Amino acid sequence: MSPQAEAPVVETAKGHVDPAAAFVPVQTRSERPRANEVAFFEAPSGREVNWKHTPIDRIRGLLEDVAGDGGAVAVSVTGPLAAAGLSADQAPRGEVFTAEDLSAAIAWERSAEALYLSIPAGAELSEPLVVDLRGAGGRAHAHLVIEAQPNARATVLLRHAGVAQLAENVEIIVRDGAALTLVTLQEWDDEAVHLAAHQARVDRDASLRHVVVSFGGGVVRVNPNVELAGTGARGELYGLSFADAGQHLESQVYLHHKGAQTVGDVLYKGALQGDTAHSVWIGDVLIGPDAVGTDSYEANRNLVLTDGARADSIPNLEIETGDIRGAGHASATGRFDDEQLFYLQARGIAAEQARRLVVLGFLMEIVQKIGIAELEERLVDAIEAELAGEQR
């Protein structure tokens, strides 16, 4: 009798079905099936591992495969380089990006032309490239491709403001020896909903500093996925958020050490105040079997300033090689430290000023990593405005 052929494992957006066993749900970021076809994904119920912390009812409009509203988001680019456009089948669009969820797949299919920023090989831009996305109401989809050619040096700032429901994909390619800083700033009005999927590949001896700053918006979910593909690649993933009453600010971070001698540093910090203020941080680091000599650390710190606010923080670490320099992860969420407040007041500093100093000191570690002086000053002002709003 000839042996019976084994039935193949069937991949779905929720997990895989193994004929020899039961349905196996997706648990880790590295296992998630990917596709740029909307039909591949089912609408999330809110029970899936990548959606269970997200308020599905508030983002429902971005999970529907319908065309965006014309003029919902105006896009402009300023800086030393001009932008171009890429169709869905035009390189390098799609070289790195493959959607991990339904909203990203919809944004891929609904973005007939991607905004393309290419920093030439060997160029060193003295000022940032600034992409302004301003919402005027309605639903919109966007796909951006940012490519740093070999040995290029540049900073790109994405600024989001106004009101919109925006599903946005950002595809980042950092070629050999290049150094790119990308800052995405969310200063939306309260009614805005923003779902963003960032996917990046960092090649040999290249570096990416990726910074997520979320202050505005009703629901903002920015998920960076960075692959350190080349030997000697470096990834620095930083985040700063300040959630007020009714806001949901979320980041699901994935750092994949694929090449040898790679270095990763992940640090997200958030402050929360007001009833139902909610932040979510999920950090996944994978050190692959070929990533020998890796050094990686991820951490999330949250400061809860008032009753009724909640921060969810979930770090995960997978290591598939024993030959590494170091790896670790940490998470901490705590209330405002009354001892620090007392210490400052005992030295003659008024309570309001002491509170301001403690919160600023907590968040400034991320602000100072941005490297854009004007933006750093604006963020200090924004933090102080948030604190003043609480005290009124």
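Where does P92 lie? P92 is in the loop between β5 (84–87) and α2 (102–110), with helices (H or I, at least four residues) and strands (E, at least two) taken as DSSP runs numbered from the N terminus.

Okay, some housekeeping. This is a predicted model, where local features need pLDDT of at least 70 and side-chain atom pairs count only at pLDDT 80 or more, while totals for chains, interfaces and linings use all residues. Residues are numbered from 1 along each chain as its sequence is written, and side-chain values use heavy atoms, with hydrogens and water left out.

Now the backbone. Most residues other than glycine have a negative phi, and most peptide bonds are trans. Back at P92, the peptide bond from A91 is cis, omega near 5°.

Then D205, in the loop between β10 (193–202) and β11 (207–214). D205 isn't a glycine, yet its phi is positive, about 55°. D205 is also exposed, at 51% relative accessible area; buried is under 20%, exposed over 50%, partly exposed in between (1.4 Å probe, protein chains only).

T276 isn't a glycine either, and has a positive phi of about 65°. T276 sits in the loop between β15 (263–272) and β16 (278–287) and counts as partly exposed at 48%.

Last, confidence. pLDDT is the predictor's confidence in each residue, from 0 to 100. The chain averages 91, and 90% of the residues score at least 70. Residues 1–7 stay under 50, with one contact beyond four places in sequence, contact meaning heavy atoms within 4.5 Å. Residues 16–21 stay under 50 too, with 12 such contacts.
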